[in-house]
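Dear colleague,

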Amino acid sequence: MASLMVDFIISLDGYASADGWPGFWGMEGPEYLAWLDSEGEKQHTSLMGATTYRLMSGFAAQAPDDPGFAALNNMPKTVFSSTLQTPLTWQNTELVRGDAAEAVRDLKKNTAQPLRTLGSLSLCRSLFTAGLVDRFRLVVFPVITGATGQERIFDGLPDIRLDLIDSRTFDGRLQLLEYVPTVLDGPPAGNS
């Protein structure tokens, strides 16, 4: 049975991106980039929605010789969309129509390859809500993008308790936090 990890890079104030800021908020360092390039980070199927697919496949097409995209090009990818049409142009990508949570539930049951999201906030929210997420990993970049931040990560998620299972610092400034999530029906009862 495959495990599913939701994987985000975020600003300290919880945004996925910010208007005018470069990728990785301009703070990626050699230790972090080496970790991203490690074999353990490439052994999974990437799950994404149509918006992320359009963005990332466009980047990959513009930089076919970039080593980071070469690994992503070769990786199996599944995109969930009702608007994209086959054939998809990005190699090793399967298009799934219909309910993403049901499709991921089937993938988890019928494959051994780990599953990991790539961006795709709406998809991630639906997977959390369906209780399908086994691991939740954040890399927190030490920037606050209050004036320019876009795509708040945590808005729209259910209440979730997080149990920390791993943490790490990259380049003396980026914080990796990995959790096992438990979706709650609501706030836990206080001690009486």
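Predicted model: local features only at pLDDT ≥ 70, side-chain atom pairs only at ≥ 80, totals over all residues.

Residues are numbered from 1 along each chain as its sequence is written, and side-chain values use heavy atoms, with hydrogens and water left out.

The whole chain

The chain holds five helices and 10 strands, where helices (H or I, at least four residues) and strands (E, at least two) are DSSP runs, numbered from the N terminus. Its radius of gyration, taken over C-alpha atoms, is 17 Å, close to the 16 Å that the globule rule (2.2 Å times the number of residues to the power 0.38) gives for 192 residues, so the chain is as compact as a globular protein of that length. Of the 192 residues, 40% are buried, where buried means under 20% relative accessible area, exposed over 50%, and partly exposed in between, with a 1.4 Å probe and protein chains only. Among the contacts (heavy atoms within 4.5 Å) with a separation of 6 or more, 72% are between residues 24 or more positions apart.

Helix α4

In helix α4, which covers residues 100–110, the buried residues are A100, A101, A103, V104 and K108. These residues cover an arc of only 160 degrees around the axis (taken from the directions from the helix axis to the C-beta atoms), which puts them on the same side of α4. K109 and N110, on the other side of α4, are exposed. The cover over the buried residues of α4 includes β1 (4–11), β3 (45–49), β4 (77–80), β5 (93–96), β6 (115–117) and α5 (121–129). At the N-terminal end, α4 is capped by D99, which has a side-chain oxygen 3.4 Å from the backbone nitrogen of A101.

Strand β1

One of the elements covering α4 is β1, and this strand is itself mostly covered, with seven of its eight residues buried. β1 runs parallel to β6, to which two bridges join it, and L4 has L115 as its bridge partner in β6. β1 also runs parallel to β7 (residues 135–141), with seven bridges joining these strands, and here S11 has F141 as its bridge partner. Two strands are said to pair if DSSP finds at least two bridges between them.

With best wishes

Note on methods:
Polar contact = N/O pair within 3.5 Å; in protein donor to acceptor, adjacent residues only side chain to side chain.
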